[in-house]
Amino acid sequence: MAPVYRILTAAQWGEDQQAGAILPSPLDQASGYLHLSASSELLETADRYFSEATDPVALEIDPGSLGDALRWEPVATRGGALFPHVYAPHI
């Protein structure tokens with residue numbers, strides 16, 4: 001199975017490293033899941049939600065490590081494309 005990606009700011013990545021887990025962002029908390037992207041969606045997601053000023057970081061994640069918490073769901077604002085979402089408190 002192809003890897004999935006988590007995009008976050010360099011500051012968020014530093015905080016997550018200290019916490020020892022990939023923590024939910026405010027958007028994740030509001031949505032009820034952690035947002036991920038497939039490789040085909042990665043650049044568009046970065047362009048839409050992250051500016052160069054935020055120093056975006058893309059973390060490659062083995063989807064097999066996410067178990068049943070990973071769900072592929074359609075996103076209306078992206079033409080119904082399926083996106084990987086993680087229903088867990090952290091990764």
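## Basis of the model

Because the model is predicted, local features need pLDDT of at least 70 and side-chain atom pairs count only at pLDDT 80 or more, while totals for chains, interfaces and linings use all residues. Residues are numbered from 1 along each chain as its sequence is written, and side-chain values use heavy atoms, with hydrogens and water left out.

## Overall fold

The protein chain has three helices and six strands. Helices (H or I, at least four residues) and strands (E, at least two) are DSSP runs, numbered from the N terminus. Along the sequence the pattern reads β-α-α-β-β-α-β-β-β. The radius of gyration is 12 Å, close to the 12 Å that the globule rule gives for 91 residues, so the chain is as compact as a globular protein of that length. That radius is taken over C-alpha atoms, and the globule rule is 2.2 Å times the number of residues to the power 0.38. Along the principal axes, the C-alpha atoms fill a box of roughly 30 × 30 × 25 Å.

Contact means heavy atoms within 4.5 Å. Among contacts between residues at least 6 apart in sequence, 68% join residues at least 24 apart.

## Surface and charge

Of the 91 residues, 37% count as buried. Buried means under 20% relative accessible area, exposed over 50%, and partly exposed in between (1.4 Å probe, protein chains only). The accessible surface of the chain comes to about 5500 Å². Carbon and sulfur atoms hold 55% of that surface. Accessible areas come from the Shrake-Rupley method with a 1.4 Å probe; for residues, only the protein chains shown count as cover.

The chain carries 4 positive and 12 negative charges, and their mean positions are 8 Å apart. Lys and Arg count as positive and Asp and Glu as negative; His and the chain ends are not counted. Each charge is placed at NZ of Lys, CZ of Arg, CG of Asp or CD of Glu.

## Sheet 3-1-4

Three strands form an open, antiparallel sheet in the order 3-1-4. Two strands pair if DSSP finds at least two bridges between them. Strand 3 (37–38) and strand 4 (56–61) are the edge strands, and each pairs on one side only. Strand 1 (residues 4–9) pairs with strand 3 in the antiparallel sense over two bridges. Y5 has S37 in strand 3 as its bridge partner.

T9 lies in strand 1. T9 is buried, with a relative accessible area of 16%. Beyond its neighbours within four places in sequence, T9 is in contact with F50, T54, D55, P56 and V57.

L59 sits in strand 4. L59 is buried too, and its relative accessible area is 12%. Apart from neighbours within four places in sequence, L59 is in contact with V4, Y5, R6, L8, W13 and I22. L59 and P89 are 30 residues apart along the chain, and their C-alpha atoms are separated by 17 Å.

## Sheet 2-6-5

Another three strands form an open sheet in the order 2-6-5, again with antiparallel pairing. Strand 2 (34–35) and strand 5 (70–75) stand at the edges, each with a single partner strand, so one side of each is left without a neighbour in the sheet. Two bridges join strand 2 to strand 6 (residues 81–86). H35 stands opposite H85 in strand 6.

Six bridges join strand 5 to strand 6, and the two run antiparallel. E73 has F83 in strand 6 as its bridge partner. The hairpin of strand 5 and strand 6 has five residues between the strands. In this hairpin, G79 takes a positive phi near 70°.

## The segment after strand 6

H90 is found in the segment after strand 6. At 41% relative accessibility, H90 counts as partly exposed. Leaving aside neighbours within four places in sequence, H90 is in contact with A21, I22, L23 and L34. H90 and L34 are 56 residues apart along the chain, yet their C-alpha atoms are separated by 7.5 Å.
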